[in-house]
Amino acid sequence: MKKKISAVLLVFALLVTAFFGPGAVTSQAKGKTDELRGVWVSYCDFQRLGLANKNEKSFRSNYNAFLNKAKKDHLNAIYFHVRSFDDAAWKSKTFPAMKALKWNASRSKSAAKTYTYDPMKIAVELTHKKGMEFHAWLNPYRKTTNYYLDPGYGTTRDRIVKAVNEIMAYKVDGIHFDDYFYNAKVGYVNLRNKRVAGKPSYSTRQKNVSILVRRVHSAVKKADKNAVFGISPQGNMQNAKNLGCDIKKWMSTNGYVDYIMPQLYWTDNWGSRGNTKMFTRTLNNWTTKGLNKVGMPVYIGFAVYKSSGWTGDPGWRRSSSNLSKQLKMLRKKKCDGYVLFSAKDLYRNGASKEISNLNKVV
């Protein structure tokens, strides 16, 4: 009898595997196993992580230590700042080395454009060895805080696509833009640093940005059909649109972005009285029925940097479980994961309770 029961169970197990596939998981487990859980590594984090102006041995050792910390916090994707001010975190013949990262470059103008080793090559290699994804994060237009490359110029688009093509040669998992589009403090310049026309109309802003977005998507897919291109707009949807993000077009038409990652940097105790459910409100806006017509993944940017208190948002002081609650809300909304801003906050004492509570529900 036992042999007959065992045989029946074996047949049943084989049928289940054949029907669902060997990697099948329940919908409840799917949220925990298939989520993207990332962290932004900003150029402002390089010093804290021990990556700034280090020789190759130190860079490797310190970046590897950071990856170990990230894995301990259940993260599986790194969004590494490779272009912050029309520069490069890789060895480029076109773009200068990032000032926040370069090692052993002399003060001469020509030598300052190179590295003695290739930081991004090492970072991609070590990230993949850990079984994690490496996404190359670019500020597309920004040259300085005050001046951006003019998004309306074809030469601007050509320059950014050139950077993307150079990066894709490193076998990265994707290209990632954040929200630095039409928000230069002073104005916009051409490649010769000559100031040109100021901010155009609302519709022209969106048109200019979308032309670049479509070109970048095409370049990414041409280099690697499995790589992805996505954008993390400001969490306030109207602000994002004002800066040039055509959210409706990007989320309803193939060929622009493969995912969207709004920065929802609020709690549900926002405002002077702490009674505005700002996180819920903005999350609802980005997940509203009918917006995501192509069914692209939606990831959410989490503000771990605010976790020890933030003026105008009392929720960060009232609780150390904001992020864990937000993750549960993402799952109810069928979102596909989250990314923390930013890497140095993984080490900050003021953020430790929030991260610990977040990890309990991952």
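Glu56, Arg60, Glu125 and Lys129 are joined up in a network of salt bridges, a salt bridge being a side-chain nitrogen of Lys or Arg within 4 Å of a carboxyl oxygen of Asp or Glu. The model is a predicted one, in which local features need pLDDT of at least 70 and side-chain atom pairs count only at pLDDT 80 or more, while totals for chains, interfaces and linings use all residues. Residues are numbered from 1 along each chain as its sequence is written, and side-chain values use heavy atoms, with hydrogens and water left out.

Now for the chain as a whole. Its secondary structure comes to 12 helices and 10 strands. Of the 362 residues in the chain, 50% are buried. The accessible surface of the chain is about 17700 Å², and carbon and sulfur atoms account for 52% of it. That area comes from the Shrake-Rupley method with a 1.4 Å probe; for residues, only the protein chains shown count as cover.

Back to the charged pairs. Side chains of opposite charge can pair when their charged atoms come close. The count of salt bridges comes to 14. One of them links Lys344 with Asp45, where the closest N and O atoms are 3.1 Å apart. Lys344 belongs to the loop between β10 (337–341) and α12 (352–361), and Asp45 to the loop between β1 (36–41) and α3 (56–72), so this pair ties together parts that are 299 residues apart in sequence. Asp45 is buried, at 0% relative accessibility, whereas Lys344 is partly exposed, at 33%.

Another salt bridge brings Lys143 together with Asp86, and the closest N and O atoms are 3.9 Å apart. Lys143 is in the loop between β3 (133–138) and β4 (147–149), with Asp86 in the loop between β2 (77–83) and α4 (119–129), so the pair ties together parts that are 57 residues apart in sequence. Asp86 is buried, its relative accessible area being 6%.

A few details of the backbone also deserve a look. The peptide bond from Phe341 to Ser342 is cis, with omega near 0 degrees. Ser342 lies in the loop between β10 and α12, the loop that also holds Lys344. His74, which is not a glycine, has a positive phi, near 65 degrees. The loop between α3 and β2 is where His74 is found, and at 35% relative accessibility His74 is partly exposed. Lys334 is not a glycine either, and its phi is positive at about 65 degrees. This residue has its place in the loop between α11 (322–332) and β10. With a relative accessible area of 69%, Lys334 counts as exposed.

How values were computed
Helices (H or I, at least four residues) and strands (E, at least two) are DSSP runs, numbered from the N terminus. Buried means under 20% relative accessible area, exposed over 50%, partly exposed in between (1.4 Å probe, protein chains only).
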